[in-house]
Every structure is written in C-alpha cells, then in structure tokens.
Amino acid sequence: MKGYRRYFLNKLGWFLVTFVCGFILNFTLPRLMPGDPVAAIVARMAQGMSDATGVQAIYEQYTELFGTNRPMLEQFFIYVRNVLRGDFGFSFSMYPRTVADVLKSAIGWTMALQFPAIIVGWLIGNTLGALAAYVKGGFDKVLMPISIFVSNFPAFGMAVFLLVIFGVGLEWFPTSGGYGYDMIPNFSWGFIWSVIVHYQLPFWSIVVIAIGGQAIGMRSMAIYELNADYVKYARFMGIKDRKIIGYVFRNAMLPQITGLALAIGTMVGGALFVEIVFSYPGLGYTLLNGVMGQDYPLISASTLIITVMVLSANFIIEILYGVIDPRIKAAQAD
Amino acid sequence: MKHTIRQVFHSGKFVFGFSIFVAVLLIVIVYPLIITDPPLGIISQGTFFEPGIYVNVYDSIGSERYILNLDDATANRIAGRLGDKERLDMKEWLLAYGIPESEIDIADTEQLLGLWENHYDPKSPIAGMTNAQRNYYIRLDASLGGLLSTEGAIIAVNNPDTGTLEEKKVVGQSDYVNVGQVANVRVLPLGTDNFGRDVLTELVKAAGVSLQIGLVAGIIATLIGLTLGLLAGYVGGLVDDVIMFLTNLFTVIPGFVLLILISYSIGQERRGAATVAAVIGFTSWIWTTRAVRAQVISLRSRDHVNLSKLSGHSIAYIIFADILPYIASYVVMALILQISTAIIAEASLSILGLGPRTSEVPTLGLMLNWAFIYQAHILGKWWAYLPVLVTIALITFSMNLMNTGLDQVFNPALRE
C-alpha cells in the first residue's frame, strides 16, 4: 500500500497546487480589466440620474459593497474568506440575487448533463474504436472518416445540427431550456417527463462529439497493441483469440483513461457551448448571461466552479488510474 | 527538401486536404476582387431575406415586354398563392363558420374560392380564434383577390397637376420580361442576415479574417511552444523544472477558462481581431511545448549533437543546425493544428460574446453569434448560420486531413 499512498499524496499535492493557481488566476484576471469595474456598473445603474452627489453616493456604496477601495492583497483575503463560506457576492445583472444562489441550480443541471454524457460518449467511442481496429475492413473505412470529421467539428456546430434536424425539422424534441417554459420545478410526472425530453438533444450532442475523438484514439492504440510482440507470442503459444483480445484491450484502455483525464477540460468546455446553443440552464448558459450582463462576480464564480469541476474530475481519474494500473504502484515503490 | 515535398504530395490525404484548403483560400482572395461591395454594407430593409434572385419590380415594368403563351401559367399562378396549406386553412375557417364538410372540396379551386367569397367576412365571430389567426385570414383573403381574373393589371402614375391617376400601361397575364434586360437584378446566393447584409460577401470576408486570426494565433502559440520546449529540453535543470511546472499547471487548468477570463478582462473596446488572435495564441502553447521538449530530450544525447558539442559550437548553432531540422516536420504539423483550433476558439469566444468588437470586421464566430442571438436556427433561417458552420468545418477538416497526411509521411509507423 505504500506505493499507492505516495502516488495518492503526490496527486493530492498537485491537485492543491493547481487549485491554488487556478483560484489566484480566477481572482486576478477579471480585476486586471482596464478602468474601474464599479464605475462601469454605477454608470449603468445611475443612467438618467442628473444628481452628481447621488451618483457619487451610489459609487461609494458599491465600492464599499465590493471592497474595491481596499488594497488588492486585502481584497484577495476577503474574497478567500467569503468563498470558503460559499459567498460569492451579489450578481450585478440579477441583483438582488446572490451569485451563489444563481449558481446553485446551474451546477446541478451541468453536472447531470455533462458527466453522464462524457462518460457515455467515452464508452461508446472506445468500443467503436476497438471494433474498428479489430474488425477492420468496411466498418473501419466508414467509421474513421466520420470520426475524424465529427471530432474536428466544433461542439456548438454539432449542437446546432442536432437542434435543427431533431428540434426544428422533425419536432421530436424541444429546442431550448431544461424544462417546459410553462412549468415550475417540482416532482410531478409531467415535470420529470419534460426534463427528460429536454435532456435528450444536449445529451446526445455531447455524446456524439466525445465519440469521435475517443474512437480515433482507441483505434490507433488498439492497432498498436494488436501488432505488439506479446500478441504474436501469445498466438504462437496457441492462446485463444478471445483471451488475447481481452489483454489487448485492457492494455489499450490504460492510455485512453489518461487521455480522458487530459481531455476532460476541453470536453467540459465544448459541453458548455452545447448548453448555450440549447439555452440549457447550466453553467455555460449562466456564463453567457454573465458576459452579456457585464457581470464579473458571476463570470468569475462560474469559471472558478468550472475549474474546480475539471480539476476534481482530473484528480478522480488519476486516482482511479493508479488503482487500475499496477505499473504505477511498482514505479512508486522503488 | 525537394524530395520531402514530393513525398508529401504523394499522400492522398494531404493532397485532398490541401486542395480543399487552397480552394477556400482562392475564394477568399479572388471573390473580393470581383465583388467589391463593402462586406458589412447593409443592403436590405428588414432581416433574413431568403437566398434567391431579386429582380427590381419598377425596372421590370419599364423593360421590353415579351408575350409567352404557356399552358401552365395560370395553374402556377394559383398554386403560388393558394398552396395546400392555404386550402386546408380555408377549409378550417369554413368549417368553423358552419359550412358542412360535404360541400367543401379543397381540390376544386373555383368552388373553394366561390364559397370563400360568399362567406368570408373578417368580422364574423369564430369561436376560439386568436388574434394572430384572425390577422392571418385577413392577409390570406387579401392575397386571394383577383386570383381567378383573366384581366391584366394597370400601371398608373399620379399626375401632379390634376391629382388623378393616369393609365400608363397594362400588364397582361402572359407578359414576360427577360431578366437579362432588367437594369437592376441582385443575386443573393445566401440571402441577407439579421442586419440586412449580403451573407455571401460577409462570409467570404469573415473566412479571410478568421484564417488570419488562426494564422496569427497559431504562429504565436507555435513560437512560444517551440522556444519553451527547446529551452526545457536542451538546457534542462532549473529551467526545465520551471517550464514543466507551468506546462503541467496549464494542462489541467482548462484553457478555455483562461481564454474567457483574459478576453473579458481586456474589455470590449480594446478587443480587436488582432488582440483576440494574440490571446488565443498565448493560451494554447502547452501541447507544443510538451511535445517539442520530449523530442529534444531524445535528440539531445544523439551522437551528432555530441559531436557538435565537442567541436565547440555554440548552443544557438547546435539548436539551429542539429536539433531544429529534426523537429521541423513536427513543428509544421503542430502549427497546422494550432491554426485550426484557433479558428474554432475564435468562434467559441464570439458565441459567448467575447469575440472581436463587432463594428469593424466580420469573423466566422461573430456571424454565428448574431445568427444565434436573432434565433436564426429556431426560425429556420438556415442561410444565416449553416454556410458559416460549413466553412468552419471545411477549414478545420482540410487542415486535419493535411496533418494526418503529413503524419503518415514523417511517421513511418503510422503508414498503412
């Protein structure tokens, strides 16, 4: 177990370091914006006001509220303390709702949409890629160009295609939102059905995009493994084909898991744009609203949460990888 | 060098991708020479005109008249205004009005119109009809006026002295004009967009700008990646540790988050196309750095590099003469990939509303952004977004094909 613990601690340390760096970047970058962010908001709030002292009072109240009148370092520690309490401040565009309140529901929608979709896409993609490597012939010749095309296609493009074909053209599924616009979230059957129907198009958009990239990677890994010496040796030994295939795909899977860890950031990014296309009430759509409403507390908090989600997913995959791949244990035990 | 290029052009995939790319490039270069309209000029009053040939009505009245006696002209004229949908709608109204279904035959135009003329009255109360439906029927009724008439239409002008209309000309039902003789005909192959701009002209310009953004971003990313990779791989030690720390850090912190944050912090006013390109470039060097470093480390201990070191060559000389030529093919492939991902990155940023500021040049992403904001995809205005998506797909697909082709040439293990 010693090897695992070292591997685990190493990964945990790295997770913390990246988290701190990501956090600092999330804090600093929006504040590097030229000009005074509060001034811009006040200008919007005070539109049509002619009383200079009134504008000044609003300005002072806001600088006090957001703490922009303090030194940067102090702001940073206040921000850290507030974030630890789950307080991201007020949303500018949806005032008086707080950012935490806006994001609370968005996180649920995003998690429920993206992670199942990415995992399903990853599984289907790997199965198809392995099949293409093993079956070859026509199946391979059809699947590969499609996969290359799909994986090069931007995520939002795929979402638009599915939306236009199945939502607007065939009218099988609704085109936008997470549930019917005439409903209030509750636990009735009608609402759950509406959620399921609205879920399909965004879900399959993400799945299709994930399939493309994964199938290509798995195919080349499997071809590489199928030509490895140990396969030839096993064939000479007369081991059954089925058993060899089992070994081959286990070996080809391992790099694919690392691949998932590295690609998860990009995949989540693509999935956010799928949410935007379908106006799905998740983080991507919230981010869009934040950008449209010049709402930097909201943008900063959404990107922070996305970063944390990606880092955590990465961390979990790497821990799983350590458990699955015995070589990791061996390397750490030396 | 000549041999390598010949080899590259023997790869089917590369040639295919290269031809698509060159075709796109040629269109981008040649089209503005022929059609010199400003790409952002607003030409239509109203949004989303359908693709087609727009013939000036005023000019066609003045053009020379040709009489063609075509048998199906009347049938076409009726079908154009009274399609299946309109017939069904009329039947629906008549049923609601109280006409028995057996009397209504929607296939018999004359009988249907007769019933309609006798009974339709915009004021008659029909239960459960919304205002929009009522207005629709009023419009339908107006469009049916004179559908069965065999008379021509009179063109009259207003006489300013007497204030009366004076007949100038009668346009018969079998009068035709030759489109080639009408002074003003505008072909809009892709219609107009939400602002009333010609989509095709805008698209060609946008593709050019997006390619430039991709190129600038790709070159920046590749240069940074190459420099850092060479430093980390060849110099090693502390430099390597620092660079690898940064690289590992930005591998896990999602690049698009940085892209969004940086673009936002620059602010709408300062975000020109060049700035966006630079931001994309500065956030996407990570993979190039990793790959270059790995290759340089394996090259560093090769014999020819050691020999060069023994001969007392400077580090710069060794890097340029003994290392770069070996990774050149890889760097070119990385550059191609960077360009295609940068084009997609620009489009993604623009969809979020963080693209270049909108007033100066169109980009592929901005066109998509506007199309989505105006709900072109929900309203079925395919010409506003589909050509843009196809252009993006063509560019990225061609570049990836070129890349796969190059990969097979330079990486014998991948050859089939």
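These are my notes from looking through a predicted model of a complex with chains A and B.

**Confidence.** I started with the scores. The predictor gives the complex an ipTM of 0.81 and a pTM of 0.83. For chain B I noted a mean pLDDT of 85, with 99% of its residues at 70 or more.

**Domains of chain B.** I found two entries here: domain 1 covers 2–44 + 194–414, and domain 2 covers 83–143. Their C-alpha centres are 59 Å apart.

**Contact between the chains.** I looked up who takes part: 39 residues come from chain A and 32 from chain B. On the chain B side, the helices that each supply at least two residues are α9 (237–252), α10 (255–266), α14 (315–351), α16 (376–379) and α17 (382–410). Which of them gives the most? That is α10(B), with nine residues. I also sorted this side by class and got 22 nonpolar and 10 polar residues, with no charged ones.

**A helix pair in chain A.** Last, I checked how helix α5 (residues 99–135) of chain A packs with helix α8 (residues 189–226) of chain A. Their axes come within 5 Å and cross at roughly 35°. I logged the crossing of α5(A) past α8(A) as right-handed. The residues in this contact split into 25 nonpolar, eight polar and one charged.

Terms used: Residues numbered from 1 in each chain as written. Chains lettered and ligands numbered in written order. Predicted model: local features only at pLDDT ≥ 70, side-chain atom pairs only at ≥ 80, totals over all residues. Contact = placed C-beta atoms within 7 Å. Helix = DSSP H or I, 4+ residues; strand = E, 2+ residues; numbered from the N terminus. Nonpolar A, V, L, I, M, F, W, Y, C, P; charged D, E, K, R; others polar. Axes fitted to C-alpha atoms, helices over the stretch in contact; angles between N-to-C directions. Left-handed = near helix turned anticlockwise from the far one by under 90°. Domains from an automatic or database assignment. pLDDT = per-residue confidence, 0-100.
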